[in-house]
Amino acid sequence: MALCQQSPEWNLDKRRLFHCCWSSDLGPELVPLKVSMSVWNPLRLLDLAAMDLLRDEASAISTLEYLPTELFPPLFILAFYGRHSETLKAMVQAWPFVRLPLGGLMQVPHRGTLQAVLDGLDVLLAQKDRPRRCKLQVLDLRNTGQYFWRLWSGSNVHVSSSSSMAPVAEDSSRAKQPSAPLEVHVELRLKESSLDEFLIDLIRWVEQRKGSIHLCCKKLKIITTSMENIKEVLSRVQLDCIQEVQVNSTWHLSTLAMFAPLLGQMSNVQRLFLSHVYLSAFEEQEQQHIVQFTSQFLRLHHLRDLYMESPSFLEGCLDQMLSCLKTPLDNLSITNCLLTESDLTHLSQCPNISQLKALDLSGVTLTNFSPELL
């Protein structure tokens, strides 16, 4: 085993191996052994070496430069759940993969371990020349990356080779220069209540490192009517990273109009969900608000799926939105609202919905309808 050849102190005799397997100081979740009256399923030598190495953090840190690549993920898992902050900090600076899918390990974010990772990134960003082994370009805090950890922890669970997480190990397509900003990927859920402490700490950390860190969010979910809070958070996010937007809150048309300029900056959005946008009886500048919203579709060159539930403002104005579509849609859903015969005429004639895979008009009430249209 190359590991043993490089570091003689890692040559484990049988007694030492047995002691590692049955040690409980790292917690039962870190020693996944199955013991019965006659069967013992031991850990792999790779896992045992990682466990033994963590018994002396100073030794573990000093060895990272020569540590075999395949030992990094199991060692990182043990350090993460065992809250070995100094080891985590050092491992980030020597991470031999393009992406660190940390979110796949965080069922409940722990501020101490996250801070250790961020401290490691601070050291990395401060260095003029990166360490020889470090390839880290993306810190992924989304609930993804389970395939990566299963792959490198030796799990035999079958995962299709077409999995979107397959490129995580090396991701050679990301040919960036060492000086390129580090990307931090998150999923944002903006609620009526204040942001959780985990996200507040992260945003504050990113804000203090503008130019070195890009905060990227591919999926944005909004469950609030406070446009002030929405603008404050999104001002710190690279908006052209966002690929999916869900608005699951009751908005007035004027609120949608205020959100429209932000939506227009999300040039890579592929999927847009809007629910319950109401037209107030006292709505001023109604037509201007509709134009402010529909004109943003001119900037969404990658939109494929559009879902609108209860868009009360669309009656008689559907053609304004359809005429601004820049690409053919795959899915279109307009539900629980009023549409006119003119709206359906424009719907049937719009070239960018001629290739639809699915059309949902359930709950639509037709006004001024003539049967000949069918």
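How many disulfides does this structure hold? The count comes to 0 disulfides, a disulfide being a pair of cysteine sulfur atoms within 2.5 Å. C216 shows why: its sulfur is 3.0 Å from the closest cysteine sulfur, in C241, which is too far for a bond. C216 is buried, at 1% relative accessibility, and C317 counts as buried too, at 9%. Here, buried means under 20% relative accessible area, exposed means over 50%, and partly exposed lies in between (1.4 Å probe, protein chains only).

A word on how to read this model, which is predicted: local features need pLDDT of at least 70, side-chain atom pairs count only at pLDDT 80 or more, and totals for chains, interfaces and linings use all residues. Residues are numbered from 1 along each chain as its sequence is written, and side-chain values use heavy atoms, with hydrogens and water left out.

Let us turn to the nonpolar side chains. In soluble globular proteins, nonpolar side chains tend to be buried together. A nonpolar core is a set of buried Ala, Val, Leu, Ile, Met, Phe, Trp, Tyr and Cys residues joined through side-chain atoms within 4.5 Å. The largest such core here has 98 residues, and F76, F259 and M266 touch the most other members. Helix α5 (residues 72-81) gives the most to this core, with 7 residues. At least three residues of the core come from each of domain 1 (45-153) and domain 2 (243-367), where the domain bounds come from an automatic or database domain assignment. The helices and strands named here are DSSP runs, numbered from the N terminus (helices are H or I, at least four residues; strands are E, at least two).

Leaving aside its neighbours within four places in sequence, F259 is in contact with I222, M227, I230, L234, V245, W251 and M266; contact means heavy atoms within 4.5 Å. T87 is buried, at 0% relative accessibility. Beyond its neighbours within four places in sequence, T87 is in contact with L54, E57, I61 and A79.

Charged residues come next. Side chains of opposite charge can pair when their charged atoms come close. A salt bridge is a side-chain nitrogen of Lys or Arg within 4 Å of a carboxyl oxygen of Asp or Glu, and by this rule there are 7 salt bridges. One of them joins D122 and R209, at 2.5 Å from N to O. This pair links distant parts of the chain, 87 residues apart: D122 is in helix α7 (residues 111-126), and R209 is in the loop between α9 (197-207) and β6 (213-223). D122 is partly exposed at 23% relative accessibility, whereas R209 is buried at 18%.

Helix α9 holds a pair of its own. D201 and R204 both lie in this helix, 3 residues apart, about one turn, and the closest N and O atoms of their salt bridge are 3.3 Å apart. R204 is partly exposed, with a relative accessible area of 45%.

E207, also in helix α9, reaches to R236 in the loop between α10 (227-234) and β7 (244-247), 29 residues apart. Their side chains meet in a salt bridge of 3.4 Å, N to O. Both count as partly exposed, E207 at 31% and R236 at 27%. Finally, you can look for R99, D140 and R142, which are linked in a network of salt bridges.
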